[in-house]
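Visitor: Please take me through this model and say what each label rests on.

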Amino acid sequence: CPDRPERTGWGMIRSGRSGQSRPGGWQGDFLGRHGLPLRYLDSAVRWFDPLVQHLQCDAAGAGRPLLVGVNGCQGSGKSTLCDYLASRLHALHGCNAVVLSLDDFYLTREERRQLAEAVHPLLATRGVPGTHDMPLLRRTLDALQGAGAADSVDIPRFDKASDDRIPSSRRDRVVGPVDIVLLEGWCLGARPQSSLQPPVNRLESEEDADGAWRRYVNDALGRHFLPLYPRIDRWVMLRAPDFACVYRWRREQERRLAETLPAGAPGSRVMSDAELRRFVDHYERLTRHCLEHLPGLVDLLFQLDGERRVVEWVGGPCS
């Protein structure tokens with residue numbers, strides 16, 4: 001990639017189908033980590049490899065670690081996409097690419113309990129803006145983007161089974177320098193809404209009748225999320241066909257999580273359909289908001305079908 005003093009548009013490139021028939025190395029490790037079939041690589045080569053090439057080129061000309069924001073509703077495949085990008089960037093280009101999830105920056109369970117008592121009971125449930133430790137996220141980004149060859153950075157992680165932050169002794173550490181940071185989150189990129197009425201579901205109408213919870217979440221978007229967005233160099237979105245997919249995809253995630261935990265372990269019980277519906281209701285308003293408004297704001301949009309398969313791309317290196 002030529003050195004470029006300024007980052008311009010991603011332009012147009014083509015990608016052939018060069019996946020291995022019997023993958024080993026990083027490809028085999030990647031498929032194993034996510035329990036994916038071999039055909040995932042065929043799709044990834046077609047849809048994601050052009051993005052890999054342009055991220056590497058952008059990073060080479062940036063003069064500092066590139067920050068990429070990835071939006072997608074629950075269950076859309078954000079974590080899998082980011083892991084694929086980071087793995088291929090490292091294996092083929094030698095890039096030190098770090099994946100961060102907004103989910104790893106939730107407030108602790110005790111902090112959310114206190115918030116629920118002081119502001120609104122619904123804030124005990126992790127997920128919406130206002131339940132994240134945004135100063136911790138900013139400090140982590142600062143450390144990653146400023147890390148030198150002799151520096152290592154502690155990466156916070158959150159255990160959804162215990163609904164709490166993993167102790168520092170068990171966290172990952174990244175050794176610098178870092179070339180690319182991939183930050184993914186279900187509400188990353190969302191802007192405050194001008195109207196919070198009417199309620200979009202039963203949770204809002206029955207448990208937030210006066211709109212206090214909605215206002216707190218909306219204010220958190222403006223106070224803590226909007227200041228983050230100018231730092232992001234490139235925006236990518238995995239767009240679900242509609243909100244109806246979210247419940248089904250989240251149900252699949254819930255069952256896969258339960259299968260990985262020992263019987264009787266905390267969090268090993270699968271939520272009932274009613275419990276899961278109430279849980280997803282916390283995210284409905286902003287998920288619908290993102291599906292409607294974000295496509296025109298991102299650099300690259302991957303349109304998904306009901307089975308999470310990419311069926312179209314808009315913008316970016318793939319147009």
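What follows is a short exchange about the labels and the values behind them.

Guide: This is a predicted model, in which local features need pLDDT of at least 70 and side-chain atom pairs count only at pLDDT 80 or more, while totals for chains, interfaces and linings use all residues. Residues are numbered from 1 along each chain as its sequence is written, and side-chain values use heavy atoms, with hydrogens and water left out.

Visitor: Why is Leu 286 called buried?

Guide: Buried means under 20% relative accessible area, exposed over 50%, and partly exposed in between, with a 1.4 Å probe and protein chains only. Leu 286 has 6% relative accessibility, so it counts as buried. Leu 286 lies in helix α10; helices are DSSP runs of H or I with at least four residues, numbered from the N terminus.

Visitor: What is Leu 286 in contact with, leaving aside its neighbours within four places in sequence?

Guide: Contact means heavy atoms within 4.5 Å. By that test Leu 286 is in contact with Pro 129, Trp 186, Ala 190, Gln 193, Val 217 and Leu 221.

Visitor: What makes a space a cavity?

Guide: On a 1 Å grid over the protein atoms alone, a cavity is a set of points where a 1.4 Å probe fits but cannot get out, and lining residues have an atom within 4 Å of a point. Grid points are joined across faces, edges and corners, and the volume is the space filled by probe spheres set on the points. The search of the whole structure finds one cavity of 30 Å³ or more, and the largest cavity has a volume of about 90 Å³. Its lining includes Gln 193, Val 217 and Leu 286. Helix α8 (212–225) gives the most to this lining, with four residues.

Visitor: How do you know that α4 has the expected span?

Guide: The expected span is 1.5 Å times one less than the number of residues. Helix α4 (residues 78–93) has 16 residues and reaches 22 Å from its first C-alpha to its last, close to the 22 Å expected. Just after α4, Gly 94 takes a positive phi of about 70°.

Visitor: What makes a set of residues a nonpolar core?

Guide: The members are buried Ala, Val, Leu, Ile, Met, Phe, Trp, Tyr and Cys residues joined through side-chain atoms within 4.5 Å. The largest such core has 87 residues, and those with the most contacts inside it include Tyr 84 and Ile 180. Its largest share, seven residues, comes from α10.

Methods
1 Å grid on protein atoms, 1.4 Å probe; cavity = no way out; pocket = protein on both sides within 12 Å on 5 of 7 lines; lining within 4 Å. Helix = DSSP H or I, 4+ residues; strand = E, 2+ residues; numbered from the N terminus.
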